[in-house]
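I opened the notebook to look up a few things in this model. The entries below follow the order in which I checked them.

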Amino acid sequence: MLYNFADANELANTDTVFEGIDISSMTFGSSYYFMRNVKGVIKLSADLLSSDPQTGQYFTGHLGQEYYFLLGFDAAF
């Protein structure tokens, strides 16, 4: 389990890409080693911040919530 948090309030309303630094997300992950060099991976991530309305001239800030589910294999030879 992983929780990420970053707050850039000092950059609020600056109309720069740095307004998008704000993050609050929770990630759950698990892996299983089938062999010494083959691993199965499952990961689920959720964005806990709500979307910000667009302000200013440019598309900046936290524009949308992002969620993802990852299922895969990792192999090294």
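I first wrote down the term I would need: a salt bridge is a side-chain nitrogen of Lys or Arg within 4 Å of a carboxyl oxygen of Asp or Glu. I also noted that the model is a predicted one.

Entry on aspartate 47. I located aspartate 47 in strand 3. Which side chain of opposite charge is nearest to aspartate 47? I found lysine 43, 15 Å away. Aspartate 47 is buried yet has no salt bridge. I then looked for what its side chain does reach, and found the backbone nitrogen of leucine 49 at 3.2 Å.

Entry on serine 50. I placed serine 50 in the loop between strand 3 (38-47) and strand 4 (67-75). Is serine 50 buried or exposed? I read a relative accessible area of 53%, and the cut-off for exposed is over 50%, so serine 50 counts as exposed. I also checked serine 50 against glycine 64: the two are 14 residues apart in sequence, and C-alpha to C-alpha they are 7.3 Å apart in space.

Entry on the sheet. I reminded myself that strands of a sheet pair through backbone hydrogen bonds, either parallel or antiparallel. Here four strands form an open sheet in the order 1-2-3-4, with antiparallel pairing. Strand 1 (2-6) and strand 4 are the edge strands, as each pairs on one side only. From one strand to the next, the twist averages 20 degrees. I looked at one pair in detail: strand 1 and strand 2 (residues 23-35) are joined in the antiparallel sense over five bridges. Asparagine 4 stands opposite serine 25 in strand 2.

Notes:
Residues are numbered from 1 along each chain as its sequence is written. This is a predicted model: local features need pLDDT of at least 70, side-chain atom pairs count only at pLDDT 80 or more; totals for chains, interfaces and linings use all residues. Side-chain values use heavy atoms; hydrogens and water are left out. Helices (H or I, at least four residues) and strands (E, at least two) are DSSP runs, numbered from the N terminus. Buried means under 20% relative accessible area, exposed over 50%, partly exposed in between (1.4 Å probe, protein chains only). Two strands pair if DSSP finds at least two bridges between them. Axes are lines fitted to C-alpha atoms, for helices over the stretch in contact, and angles run from 0 to 180 degrees between N-to-C directions. Lys and Arg count as positive and Asp and Glu as negative; His and the chain ends are not counted. A polar contact is a pair of N or O atoms within 3.5 Å; within protein, one must be able to donate a hydrogen and the other to accept it, and residues adjacent in sequence count only if both atoms are side-chain atoms.
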